[in-house]
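Hi everyone, thanks for coming along.

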2 protein chains.
Amino acid sequence: MALYVQKFGGTSVGSIERIKAVAEKVKGYREQGHDVVVVVSAMSGETNRLIALANEINDDPTPREMDMLVSTGEQVTIALLSMTLNHIGCPAISYTGPQVSIVTDSSHTKARIKQIDDQKIRNDLKEGRVVVVAGFQGVDEQGNITTLGRGGSDTTGVALAAALKADECQIFTDVDGVYTTDPRVCSRAKRLETITVEEMLELASLGSKVLQIRSVEFAGKYNVPLRVLSSFEEGPGTLIVAEEVEEMEDPLISGIAFTANEAKLTVLNAPDMPGVASRILGPIGDANVEVDMIVQNVAHDGKSTDFTFTVSRGDYKKAKAVLEGVVAELGAGSISGDNAIAKVSLVGVGMRSHAGVASKMFKVLSDEGINIRMVSTSEIKISVVIDEKFMELAVRALHTAFGLDKVED
Amino acid sequence: MALYVQKFGGTSVGSIERIKAVAEKVKGYREQGHDVVVVVSAMSGETNRLIALANEINDDPTPREMDMLVSTGEQVTIALLSMTLNHIGCPAISYTGPQVSIVTDSSHTKARIKQIDDQKIRNDLKEGRVVVVAGFQGVDEQGNITTLGRGGSDTTGVALAAALKADECQIFTDVDGVYTTDPRVCSRAKRLETITVEEMLELASLGSKVLQIRSVEFAGKYNVPLRVLSSFEEGPGTLIVAEEVEEMEDPLISGIAFTANEAKLTVLNAPDMPGVASRILGPIGDANVEVDMIVQNVAHDGKSTDFTFTVSRGDYKKAKAVLEGVVAELGAGSISGDNAIAKVSLVGVGMRSHAGVASKMFKVLSDEGINIRMVSTSEIKISVVIDEKFMELAVRALHTAFGLDKVED
């Protein structure tokens, strides 16, 4: 008899039909004797509908009132799901974030959870009810309704699981787990039984967007076992664990992330002296452009260096224009840029203790005739920038080379 | 410098355009130096949309969850109106019913207000804000969201006005005041400057539905000056006062109400003995049929009597079927019924001190050749049942005879 916190996203509760399916699924867990707390998002489309209403008034609405507005989305879902559960003979009660005291700071539209009072929920569980809680929302210490920002329902789920010391926080979504890479690009991609929090963080931030990063961080911090599984199909999904499970054959690499949504810019022959990096990146940051990879190599001749970084492709033109001013001021040589690039990353905690992952990666790419433009590494990740046209080829070759391909049935 | 509580109904806030118009109106009052608390309903159509969602699940949804669901309607409106006010330079803040502690009993979907904590609102007013409060909703002592039932936003407005000792509770609606009778039937109907609470109650319950009865009762009980006025046009509207204002020419009659939505049923030759009335009406009540007028005359011969009552037209067949069983059991003669009837009522506190209103009414109707089928009276009201086809004729003739016609410009 376990206690599960189960989170269902907007697509999973997007219609009355789907809400009924969620209710049946929850009822199934109850019938096995488990206690269940359900966290739900707004029905898909609802949050956007509300935002559109606000934008008819004003492009920049009062944040406090924005939270007042959009928090109604989840409130509708919790009521409908509780009614449905009651209707099918599974006693349930719904609560808004404020009602179960999900206390946050006062940063409207992007609040952070400070504490949760779990007493009310524990009492209802004890009386045999399913407790349905609105995701994404809370209340500040002055009693104002706050929201956690887009995707915050995952965070609500994990935070409730931590507060209740739940056996598992189960995130139901439209995929049936975390894959070694995107199955649309590599048909041999396989579902992972487990993945560590660290690996998940690297994969998420690199484009394999299954879960919100914040909720994974949270799960790691509070040691909450997190499971991703499908709303629509049966299956065990993927368990995200805090620490790597020791296994006989510890895989070097857990997954391959990739994105074609970047562009790179290089300042050629920048003077090699302290402060240059910040004089280049300062104005880029001031222009609200976010920088991803940064690479600076040793000076050519003790005097000048090439400084390269990547930005998201939509910011390429803006960043280039900013750089032109910077280059003139610095007395640097010139700018080169390329927006037909892709980033491919290997991620895995096994990498920590094994040298040779990088050299093997480079050899695989070289064997395919793929030239590497940039390299950047962290403890559990190696990213390379290559020409965009080679992206799929690189992913498939690496997937096979690192033993990730699924065994055909 | 007055304090006004202004209530805007669903039609008045039915679109972003209309919400902007409401904001401009409120801003106008602020610019005259008045303090304003605004109470709003859900945007028109929204409550029905939510109820339809619930009914897709179940015809009889959990009342607590129903309140959770429909209370989102007003929450959307308060957020949108506050944003709009802030946008046009009129500082505003919104509150749900629970946030300003509109404490009710726990009768979900038809809760009654027990108390209001006005401190938060007073603080905001002091700091120069317009306070926008969600109508129709509150919170019970256990923290559950409750609703006051349909039309409850008027009640919220009056209750807030009472708690804040406001100078006036202004109910903005789609009519520009209370009329002597329905202008669609009698073109000479005129707007009343003032009307007493008692008169308003009789008119409201008889079909001139401008305000919710409960809010008028509430206004009378707590001595809140209540004004009905138009959201869409300028004008003073009608002031509803607790006590009649003494005037030189006190009118006998304030207004004429009428409805064609009734049917009458008579049990002929019922035994004239104690308990007959309850043996007839008991089964009718058990069948969930509401009875309006009841008339029983003296016995014909000391042995039997005719017992007549009216029900709403939609319940006619059901009530008749119930009566057939009752008649057999009572050993009464038979049943007669008519569903082509109308009820016309004269209302006025002036009637109290003036005899002769009834006889004048009967004479006016007789002069028009209209036969009276039933009569029922209260202290400030006389109602007659006539054939439906004569309804408009009766209303117009009485309107002229009792001096209610407007003076042509």
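Predicted model: local features only at pLDDT ≥ 70, side-chain atom pairs only at ≥ 80, totals over all residues.

Residues are numbered from 1 along each chain as its sequence is written, chains are lettered from A and ligands numbered from 1 in the order in which they are written, and side-chain values use heavy atoms, with hydrogens and water left out.

Okay, first stop: the annotated positions in chain A. An unreviewed UniProt entry lists A:Thr47 and A:Glu74 under "binding site". They are spread over 28 residues of sequence, yet they cluster in space, with a largest C-alpha distance of 8.8 Å. A quick caution here: UniProt positions are given in the numbering used here, feature names are shortened, and annotations may be inferred rather than shown by experiment.

Where does A:Thr47 sit? You'll find A:Thr47 in helix H2, residues 46–57 of chain A. By helices (H or I, at least four residues) and strands (E, at least two) I mean DSSP runs, numbered from the N terminus. A:Thr47 counts as buried, because its relative accessibility is 16%. A:Glu74 belongs to helix H3, residues 63–87 of chain A, and at 2% relative accessibility A:Glu74 is buried too. Contact, by the way, means heavy atoms within 4.5 Å. Not counting residues up to four places away in sequence, A:Glu74 touches several residues, including A:Ser41, A:Ala42, A:Thr47 and A:Phe136.

A:Gly10 is in the loop between strand E1 (3–8) and helix H1 (16–31) of chain A. Is A:Gly10 buried or exposed? A:Gly10 is buried, because its relative accessible area is 18%. Leaving aside neighbours within four places in sequence, A:Gly10 is in contact with A:Ser41, A:Ala42, A:Met43 and A:Ser44.

Now for how the two chains go together. Turn chain B by 179 degrees, shift it 0.1 Å along the axis, and it can be laid on chain A with an RMSD of 0.3 Å. The two copies are therefore related as by a two-fold rotation axis. In chain B, B:Thr72 has the C-alpha nearest that axis, 2.8 Å from it.

How many residues of chain B are in contact with chain A? There are 40, and they are in contact with 40 residues of chain A. Also, 100% of the interface residues of chain B are interface residues in chain A, so the copies meet through the same surface. Between them the chains bury about 3,200 Å², 61% of it on carbon and sulfur atoms. Buried area is the accessible area (1.4 Å probe) that two parts lose on being put together, summed over both. The count of salt bridges between the chains is two; a salt bridge is a side-chain nitrogen of Lys or Arg within 4 Å of a carboxyl oxygen of Asp or Glu. A:Arg49 forms a salt bridge with B:Glu46, where the closest N and O atoms are 3.8 Å apart.

Last topic: backbone angles. Most residues other than glycine have a negative phi, and most peptide bonds are trans. A:Lys165 has a positive phi, near 50 degrees, and is in the loop between helix H5 (152–164) and strand E9 (168–173) of chain A. A:Lys165 counts as exposed, because its relative accessibility is 68%. Phi of A:Asn288 is positive as well, near 65 degrees. A:Asn288 is in the loop between helix H8 (276–286) and strand E14 (291–296) of chain A, and it is exposed, with a relative accessible area of 66%.

Notes
Buried < 20%, exposed > 50% of the residue type's maximum accessible area, 1.4 Å probe, protein only. Least-squares fit on C-alpha atoms with pLDDT ≥ 70 in both.
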